[in-house]
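Q: I have a model open and would like to go through how it is put together. Can we take it piece by piece?

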Amino acid sequence: MVTALVTGAAGFIGFHLSQRLLERGDTVIGLDNLNSYYDVSLKKARLNQLTAQDGFRFCELDLVDREGMAQLFAEQPFDVVVNLAAQAGVRYSLTNPHAYVDSNLVGFVNLLEGCRHQSVKHLVFASSSSVYGVNKKVPFSVEDNVDSPISLYAASKKANELMAHCYSHLYQIPTTGLRFFTVYGPWGRPDMAMFMFTKAILEDRPIEVFNEGQMQRDFTYVDDVVEGVIRVMDKVPEPQGNSGARYKVYNIGNNQPVELLHAIATLEKCLGKTAVKKMLPMQPGDVPITYADVDELMADVGFRPDTPIETGIERFVAWYRSYYGV
């Protein structure tokens, strides 16, 4: 049993992770600022599932609140901190860059400072497959150079990795970064393709298909992501490389990129409706393919995500119909 701080606990992955930790008997302090980036009622519905359970305490707080974060760490000891709170989304970073600087940079420093002063035993934080930019070598390996991000979101996640390594080296904080690849599933985010496509198809509206559909994504089912996070949480990294920092980065992806048009066809089959496709060019900041090399994850924690897209989409659609009554 551990006491875990999960930031972004009312978010998609944070909710599922908190649920799993509670099921295994851990104590979870869930932090979230409940911002309006997407439907707050969905965040509150997730939260209601958690607050009804023993072992969960909710803290409404923004990572940017330096004094509030310092007070939280001063008042409550944590065995492990899992940072899933962030301003997400590639396209939104084109229109609201300051949100990414505030949450993903300033807020992340406040979190690192809390871990430093409390000597947290393990910090696990969400990075993103976006850090690979337009890397043409596939699958993407954690050994690849990631110095050419093509969106501010990706740049902020790369910055998180650098900041975390620095704190791990200077203050001996065991730290692990996780590069997530296109996570989907029940209770998902309304700003992501699977959710937007489902809503539009059921409402007889056209779906926007970028790059004329010539895209591949390493769609990763949320339960696989959570399993990976938990296994990594429970394995504190050993000193690495010349710096001696106890710091690791892993990919968490399905290791089986799927053609976007195949994902849409699978969704159509599950919904029993045909999508009206509006074919569009590639969007700025987007990439044509994501594809995770997960050999290090398998070698170190014995896990490889493997939920087929057909199974994952079927489960997502069942949740969507139940939750929205459609």
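Q: How do the axes of helix 7 and helix 11 cross?
A: First, the ground rules: this is a predicted model, where local features need pLDDT of at least 70, side-chain atom pairs count only at pLDDT 80 or more, and totals for chains, interfaces and linings use all residues. Residues are numbered from 1 along each chain as its sequence is written, and side-chain values use heavy atoms, with hydrogens and water left out. The axes of helix 7 (residues 193–202) and helix 11 (residues 309–324) come within 11 Å and cross at roughly 60°. That makes helix 7 oblique to helix 11. Axes are lines fitted to C-alpha atoms, for helices over the stretch in contact, and angles run from 0 to 180 degrees between N-to-C directions. Angles under 35 degrees count as roughly parallel, over 145 as roughly antiparallel, 65 to 115 as roughly perpendicular and the rest as oblique.

Q: What counts as a helix or a strand here?
A: Both are DSSP runs, numbered from the N terminus: helices are H or I with at least four residues, strands are E with at least two.

Q: Which residues of helix 7 and helix 11 meet?
A: From helix 7, M194, F195, T198, K199 and L202. They meet I309, I313, F316, W319, Y320, R321 and Y324 in helix 11. Contact means heavy atoms within 4.5 Å.

Q: Is that crossing right-handed or left-handed?
A: The crossing of helix 7 and helix 11 is right-handed. A crossing is right-handed if the near helix is turned clockwise from the far one by less than a right angle, and left-handed if anticlockwise.

Q: What about helix 5 and helix 6, at what angle do they pack?
A: Helix 5 (residues 97–118) packs on helix 6 at an angle of about 15°, with the axes 10 Å apart. The two helices are therefore roughly parallel to each other. Their crossing is right-handed. Residues in the contact include Y100, F108 and L112 of helix 5 and Y153, M163 and Y167 of helix 6.

Q: How many bridges does strand 2 make to strand 1?
A: Five, in the parallel sense, with strand 1 covering residues 3–7. Strand 2 also has five bridges to strand 3 (residues 56–60), again parallel. V28 in strand 2 is the bridge partner of A4, and V28 also stands opposite F56 in strand 3.

Q: How much of strand 6 is buried?
A: Six of its six residues, 175–180. T175, G177 and R179 are on one side, and T176, L178 and F180 on the other. In a regular strand the side chains alternate between the two faces of the sheet. Buried means under 20% relative accessible area, exposed over 50%, and partly exposed in between, with a 1.4 Å probe and protein chains only.

Q: And which strands does strand 6 pair with?
A: Strand 5 (residues 122–128), over six parallel bridges, and strand 11 (residues 247–252), also over six parallel bridges. F125 stands opposite G177, while F180 stands opposite I252. Strand 5, helix 6 (residues 152–171) and strand 6 make a right-handed β-α-β unit.

Q: What is phi at L34?
A: Near 50°, a positive value in a residue other than glycine. L34 is in the loop between strand 2 and helix 2, and is buried at a relative accessible area of 14%. N255 has a positive phi too, about 65°, and is not a glycine. N255 is partly exposed, with a relative accessible area of 22%.

Conventions
Pairing = 2+ DSSP bridges. Right-handed = clockwise from strand over helix to strand, strands pointing away.
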